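Subject: Structure handover

Hi,

Here is the structure I promised to pass on.

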Amino acid sequence: MAEERLIYRAWRVFSELKLWSFGHKLWNIGVNDPKKVFHALKVGLAVTLVSIFYYVRPLYEGVAGSAMGSVLTVAVVFEFNAGGTICRAFNRTSATFIAGFLAIGTHIIADRSNKEIGHIVHGIAVFLIALAATFARFIPVVKARYDYGMLVFIVTFTLISLSGHHLNKLLDMAKQRSFTIALGSFICVLVSVLICPVWAGKELHILVVGNMEKLANSLEVCVLEYTKQCHDSKCKEDSPQKLPGYRSVLASKASEDRLVNLARWEPPHGQFGMSHPWKHYLKISASMRYCASCMETLHSYTKSEGKIQAPEIIRDYLCSAFMRLSFNSSIVLKELAKSANEISKSSTMDDLVKDMKVAADELQVALRTLPRWILAIKENQTRVYNGELKDINLNLVEVVPLATVTSLLMEITTRIEGTVSTVNDFVNEALLKTL
């Protein structure tokens, strides 16, 4: 009975803590993104390598028992991707060396003065260093690349310069701290780069190319729904997934800026060389957001309740022109995505852009001939439409929605041409860097 009660209580505790559900969630995370599992393994390996300095006696004595700084360095430096790890390692190591050098210089100056003046020297030095480093963090370039280093610089300089040690002990402390931080940073970079590396540059590349494909699918589905051509079941299933794709383009700016900054720290890998034009990804993304903002207006206009909608008979008149332009524009975006993904020039891009312009001209012609078509209908108020006799009563207000949708589609086409130019510049410079 006692054993059964113990088992029952253990099972109740297990159920109350929901450990099974928690384990299931962890399993799903690992299955959905194996990179996270490898990241956890790499962090564990880095900490283990640093811990060797505690287990191996000669190494432990070589760093005078201060290997704890290396363990802390691994904990704060190791990032998910290689670029982030290299960036933090460089910032932490360089900031520690520079801050230690300046702190020792300040200590030497203060020691040559009397005690009261020495305290004033330390106080003024801390004030000026903290002021300068904090103000420098507002500079965009420093904020993007060296913000963490500035924080480490302020903390390290303050701790060392205000410590009560003599110069000899201060030099030993600075040497040990610099060595342990450099050791931890080196191990982090080594493990991150050599073992199943996750490259920020590759993630950025995949993100930008994927956004371009999402933009193409969103444009196609948006026009399909507006013209009521999305009848088959597969189209209806894909519409809720593809249509909001433009929102991903609009919401990805922060991720793109972060990945571009991290990609610059990475060594050459794959199809990305040392001088790969990472800045062009920001230009491509800005151009795509320019298209996506117009597409958002188109989608909100076609879906808004209370808007005056054009009669179906008029929409059908322009349906083929709408479909042709959206299809050609979508094809151009998909070809751009392919060209950017392979970092190669497209042999068919000029022809596809020409077809898109022809489709835009055809839509303009169809819209210009719409008034004459309406007048021809008004001459006879009844007309056989789709096999049924319907009474037609049209006015200019009902044509305005079509003119608005046409104008938005034409604007999207113009903005896509700008994206074509941006992607071509990126490909040309990337190919030039590889020569």
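This is a predicted model: local features need pLDDT of at least 70, side-chain atom pairs count only at pLDDT 80 or more; totals for chains, interfaces and linings use all residues.

Below is what I found, going from the whole chain down to a couple of single residues.

The whole chain

The protein chain has 19 helices and 2 strands. It runs to 435 residues, and 42% of them count as buried. If you take the contacts between residues at least 6 apart in sequence, 80% join residues at least 24 apart.

The cores

The largest nonpolar core holds 64 residues, and the members that touch the most others are Leu 215, Phe 322, Val 332, Leu 409 and Ile 416. Helix α19 (residues 400-434) supplies the largest share of this core, with 12 residues. To see what surrounds one of these members, pick Ile 416: once its neighbours within four places in sequence are left aside, its contacts are Leu 219, Cys 291, Ser 329, Val 332, Leu 333 and Met 356. There is also a second, separate core of 16 residues, and among them are Ala 99, Val 152, Ile 154 and Ala 174.

Two helix pairs

I looked at two packed pairs. In general, such a pair is described by the angle between the axes and the distance between them.

Start with α17 (residues 349-368) and α19, whose axes are 11 Å apart at an angle of about 160°. Angles over 145 degrees count as roughly antiparallel, so that is how α17 and α19 lie to each other. The crossing of α17 past α19 is left-handed. On the α17 side the contact involves Met 349, Val 353, Met 356, Lys 357, Ala 360, Leu 363, Gln 364 and Leu 367, and these meet Ala 403, Thr 406, Leu 409, Met 410, Thr 413, Ile 416, Glu 417 and Val 420 of α19. Sorted by class, that contact comes to 11 nonpolar, 3 polar and 2 charged residues.

Leu 72, Thr 73, Val 76 and Val 77 of α5 make the contact with Gly 84, Thr 85, Arg 88, Ala 89 and Arg 92 of α6. By class, the residues in this contact are 4 nonpolar, 3 polar and 2 charged.

Most residues other than glycine have a negative phi.

Cys 196 has a phi near 40°, a positive value in a residue other than glycine. You will find Cys 196 in the loop between α10 (167-194) and α11 (200-226). Its relative accessibility is 41%, so Cys 196 counts as partly exposed. Apart from neighbours within four places in sequence, Cys 196 is in contact with Phe 38 and Lys 42. Phe 38 sits 158 residues away from Cys 196 in sequence, yet their C-alpha atoms are 7.2 Å apart.

Ile 343 is not a glycine either, and its phi is positive at about 50°. Ile 343 lies in the loop between α16 (312-342) and α17. Is Ile 343 buried or exposed? With a relative accessible area of 9%, Ile 343 is buried.

Cheers

Terms used. Residues are numbered from 1 along each chain as its sequence is written. Side-chain values use heavy atoms; hydrogens and water are left out. Contact means heavy atoms within 4.5 Å. Helices (H or I, at least four residues) and strands (E, at least two) are DSSP runs, numbered from the N terminus. Ala, Val, Leu, Ile, Met, Phe, Trp, Tyr, Cys and Pro count as nonpolar, Asp, Glu, Lys and Arg as charged, and the others, Gly among them, as polar. A nonpolar core is a set of buried Ala, Val, Leu, Ile, Met, Phe, Trp, Tyr and Cys residues joined through side-chain atoms within 4.5 Å. Buried means under 20% relative accessible area, exposed over 50%, partly exposed in between (1.4 Å probe, protein chains only). Axes are lines fitted to C-alpha atoms, for helices over the stretch in contact, and angles run from 0 to 180 degrees between N-to-C directions. Angles under 35 degrees count as roughly parallel, over 145 as roughly antiparallel, 65 to 115 as roughly perpendicular and the rest as oblique. A crossing is left-handed if the near helix is turned anticlockwise from the far one by less than a right angle, and right-handed if clockwise.
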